[in-house]
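Please keep the sequence and the structure in view while reading.

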Amino acid sequence: MEGTHGGEKTKSRLCSICNQRRPALRRPKTLEQICRECFYVVFEDEIHSVIVNNKLFKPGERIAIGASGGKDSTVLAYVMSELNRRHKYGLDLFLLSVDEGITGYRDDSLETVKRNEIQYGLPLKVVSYKDLYGWTMDEIVKMIGLKNNCTFCGVFRRQALDRGAALLKVDKLATGHNADDIAETVLLNILRGDIARLSRCTSIITGEDGPIPRCKPFKYTYEKEIVTYAYFKKLDYFSTECIYSPNAYRGFAREFIKDLERIRPRAILDIIKSGEDFRIAPSTKMPEQGTCQRCGYISSQKWCKACVLLEGLNRGLPKLGIGRTRGVVNPKDDQVKSKPCGSLDF
């Protein structure tokens, strides 16, 4: 009887998938005890299934991977290149980075991306805020301070990625947004009452009506598993947080999500499911998409948010574009001499 009990105990220490090797981790998503080799397989297979089931790519497409040098984009670049080769997706892959101009942060992380370019054999394109907008984030923070700087960076970065993708003439832009990020975004849009963004934030492909569609192969992939994969594979990534975002609103949502995950690991997927199942009332007035009169970028106002923010900076009124922008700037103002946001045409 004692021997039987000992045998069961030994067996319980084996990987729950292969039942041969000792487990190296407990999966945050399923709580399975699995070995390193099986983790690689299930991690990559799940991402492959997401790509195939959602028809994210077509053979022959040019795909830009948004590369910051962080764990998410580094693992995405590695896994995409592996799956592209293994499953013969037939994709031309590129790395696309944005240099926001943050000394001691982005300059260091870009060095990581440049190493990834060599390691994965993927061509790299870097676009900068300075070239596009005439300002670096260091200069913006000196003017605006730390309170609203993430607003500028988020708006400028989104457009910079689109402009860089246009330069590369790619068909789609793949980003490393993971399940945690999407759950946070659902929560943030609920807290802000942002119905327009809430209706599309869980979409695995967005921007199909814009210049370049974006897709999220990591939509159902937990951040903890991405970190574990990068650690086990010894991938080269940059792990320092942005020096300008210690009090970002998203950070509080992130902490809340982490607390929920500790209590109930499936909470992240359940929040995403809730976001997917939201139905917007027919009576809700949604913003109509058009194009910015200054730069031609997609916008629901006469001027896009980036142009409004840039105009405020150039006038020495950095708070001009913070909050609601309707009616803040008069597009017919003859005094406006500054260039529109971005100097690259779509």
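In this predicted model, C15 counts as buried, since its relative accessibility is 1%. The closest cysteine sulfur to that of C15 belongs to C18 and lies 3.7 Å away, which is too far for a bond, given that a disulfide requires the two sulfur atoms to be within 2.5 Å. A search of the whole structure likewise finds zero disulfides. C215 is buried as well, with a relative accessible area of 0%.

**The sheet and its helices**

An open sheet of mixed pairing is built from six strands, which follow one another in the order β5-β4-β3-β6-β8-β7. At its edges stand β5 (124–128) and β7 (205–206), and because each has a single partner strand, one side of each is left without a neighbour in the sheet. The partner of β5 is β4 (residues 92–99), which runs parallel to β5 and is joined to it by five bridges; within this pair, L95 is found opposite L124 of β5.

Helix α3 (residues 71–86) packs on the sheet, where it touches β3 (62–66), β4 and β6 (172–174). Helix α7 lies across β3, β4, β5, β6 and β8 (214–215). The angles computed for these helices are collected below.

| Pair | Angle |
|---|---|
| α3 and β3 | about 155° |
| α7 and β4 | about 140° |
| α3 and α10 | about 65° |

**The packing of α3 on α10**

On the α3 side the contact is made by K71, D72, V75, Y78 and V79, which meet E223, I226, V227, Y229 and A230 of α10.

**An enclosed helix**

How many of the eleven residues of helix α13 (residues 305–315) are buried? Eight of them are, so this helix is largely enclosed by the rest of the structure. The buried residues of α13 are A306, C307, V308, L309, L310, E311, G312 and L313, and what covers them includes α5 (129–133), α6 (137–144) and α7 (149–168). After α13 comes G316, which has a positive phi near 80°.

How values were computed:
Residues numbered from 1 in each chain as written. Predicted model: local features only at pLDDT ≥ 70, side-chain atom pairs only at ≥ 80, totals over all residues. Heavy atoms only, no water. Buried < 20%, exposed > 50% of the residue type's maximum accessible area, 1.4 Å probe, protein only. Helix = DSSP H or I, 4+ residues; strand = E, 2+ residues; numbered from the N terminus. Contact = heavy atoms within 4.5 Å. Pairing = 2+ DSSP bridges. Axes fitted to C-alpha atoms, helices over the stretch in contact; angles between N-to-C directions.
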